[in-house]
Amino acid sequence: MVSNDSDKLRSLALENKKRTVALFGGHALDGQGDEGEDEGARMVKLKVKYNLNFHTSNVAMAAMREHDRKSSSRKQDRDSSGQQDDQQHPSAKKLKTEEPTDEEQSSIDDKTIKQMETASVAKDLSIGGSAKSSARGDALIVRTNPKNFGGVKTNNPGVANALAIAQDRPDWHPPWKLYRVLMGHLGWVRSVAVDPANEWFCTGAADRTIKIWDLASGKLKLTLTGHIGAVRGLAISDRHPYMFSAGDDKQVKCWDLEYNKVIRNYHGHLSGVYAAEVHPSLDLLVTGGRDATARVWDMRTKAQVFALGGHRDTINSIQTQKVDPQIISGSADSTIRLWDLAAGKSMSTLTNHKKGVRAVACNPREFSFASASADNIKTWRLPEGVFMRNLSGHNVIVNSLSVNDDGVMVSGGDDGTLAFWDYKSAHEFYRTQTQVQPGSLDCEAGIFGSAFDMTGTRLITVETDKTVKMWKEDNEATPETHPLNWKPNILPQRY
């Protein structure tokens, strides 16, 4: 009787142990070992680096032994009460056993899960395996339902977090390299915008000029004058031959690119204008600056449609999109506001940042955006503005953010560092330091703005050494020459 109970619980414990192994490595056994090799030897060869403590199954075994002890004591109680001996009528007496109750089975499974959460997973998990091996030999991903571990349906946060980390492995991206330096401005270069047709780009600087450069050759095509202060914001319409510029002189100008001259001025800002953005589907222009107000303009009539108030300090960055929230603004008051354009008021205010927000960038492939501050780079899910994750490590004042279609995000810092991130996994796969041009001070290595071209294969940065630099991917890099150096963040910051 006790033997049957022990066998059942022992098989349950061993099955839990196998499930634990399968969860973190067993699925990756196919095709990973030599033919005829036993399962244990093949597991050693897995690309899975974790500290799986087999204490997990020992807990279940201890529970099984405790159940054996209780069963034995129950048997002794029955014998002492005068029950007939089973040997007198072996055929007439059925073996009386007590099946383990649901509470006992669930206690074993809960202990197993708890042990895996505290001892195995949270200690030192660095998963590099997956259910299927790709032709390139990339590291694999465990694809298992995080709500059902070991046959036990549970919402255990530790197990779900471990599986989420396993599925969070970043894609491999080649490093980026500098291939062109453009000189021509006589002051700090503060802003950049790329032509929607991908033929040219423009830059604005503290020398009060706007320069237009050929994107393919890097040659200077045109210099526009008209501002009496530093040009801080540039935007190009993809529906009209118009370019918009904003500067420290409180002016917002509309340039006709067919005649290369100013055709409209938008008056209303009370101080310097730091950001300008064109609405992608409406004839609207949105600007923001030191008066802490985002102003929406009808680009044809020059009328101010809305004055979006709510920020308490300078608006440093603005993004627009076709659907709500159609306007996103980041301010030096450390908040981000999502605006309802139809109602002309704020939908929500994001207060996670501890320092002023200097850059905001929307992801072109998914409905989310990133924001940069001196404390962290954060990503948010739209339309509600739900916080997703932190991108930690670029511990400087971040002035610029740009995201391309391949999921590469670039952040430019005040100290001249350029960090490249995998947007999906928040992994920094490459970092470089920009070099100042001869004759400049080392402190003039800051990056003020950045922009990808329409293909996402070329990056343009504007810097404090009065230069414009162009970057591209290193075509000679391979996963072998530049391996992915990634370790998951076991306890990510949740705010």
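These legends accompany close-up views of a predicted model.

**View 1. The largest nonpolar core.** Here you can look into a core of 14 residues, the largest nonpolar one in the model. Residues with the most contacts inside this core are A372, I377, L391, L401, M409 and W421. Strand 22 (357-362), strand 23 (368-373), strand 26 (398-403) and strand 28 (417-422) each give two or more residues to this core. Strand 26 supplies the largest share, with 3 residues. As general background, nonpolar side chains tend to be buried together in soluble globular proteins.

**View 2. The surroundings of A372.** Stay with A372, one of the core residues with the most contacts. Leaving aside residues up to four places away in sequence, A372 touches H353, G356, V357, R358, A359, I377, V398 and L401. Among these neighbours, I377 and L401 are also listed with the most contacts inside the core.

View 3. The side chains of R300 and D283 meet in a salt bridge, with N to O at 3.1 Å. R300 sits in the loop between strand 16 (293-298) and strand 17 (304-309), while D283 sits in the loop between strand 14 (273-278) and strand 15 (284-289), so the pair ties together parts that are 17 residues apart in sequence. R300 is exposed, at 52% relative accessible area, whereas D283 counts as buried, at 18%.

**View 4. Two further salt-bridge pairs.** By the rule used here, the salt bridges come to 10, and this view picks out two of them. In one, the side chains of R431 and E428 meet at 2.6 Å, N to O. R431 is partly exposed, with a relative accessible area of 36%, and E428 is partly exposed too, at 23%. In the other, E463 pairs with K469, and their closest N and O atoms are 2.9 Å apart. Both E463 and K469 are buried. Elsewhere, salt bridges with shared partners join R239, D283 and R300 into one network.

View 5. D256 belongs to strand 12 (residues 252-256). With residues up to four places away in sequence left out, D256 touches P241, Y242, K261 and I263.

How values were computed: Residues are numbered from 1 along each chain as its sequence is written. This is a predicted model: local features need pLDDT of at least 70, side-chain atom pairs count only at pLDDT 80 or more; totals for chains, interfaces and linings use all residues. Side-chain values use heavy atoms; hydrogens and water are left out. A nonpolar core is a set of buried Ala, Val, Leu, Ile, Met, Phe, Trp, Tyr and Cys residues joined through side-chain atoms within 4.5 Å. Buried means under 20% relative accessible area, exposed over 50%, partly exposed in between (1.4 Å probe, protein chains only). Helices (H or I, at least four residues) and strands (E, at least two) are DSSP runs, numbered from the N terminus. Contact means heavy atoms within 4.5 Å. A salt bridge is a side-chain nitrogen of Lys or Arg within 4 Å of a carboxyl oxygen of Asp or Glu.
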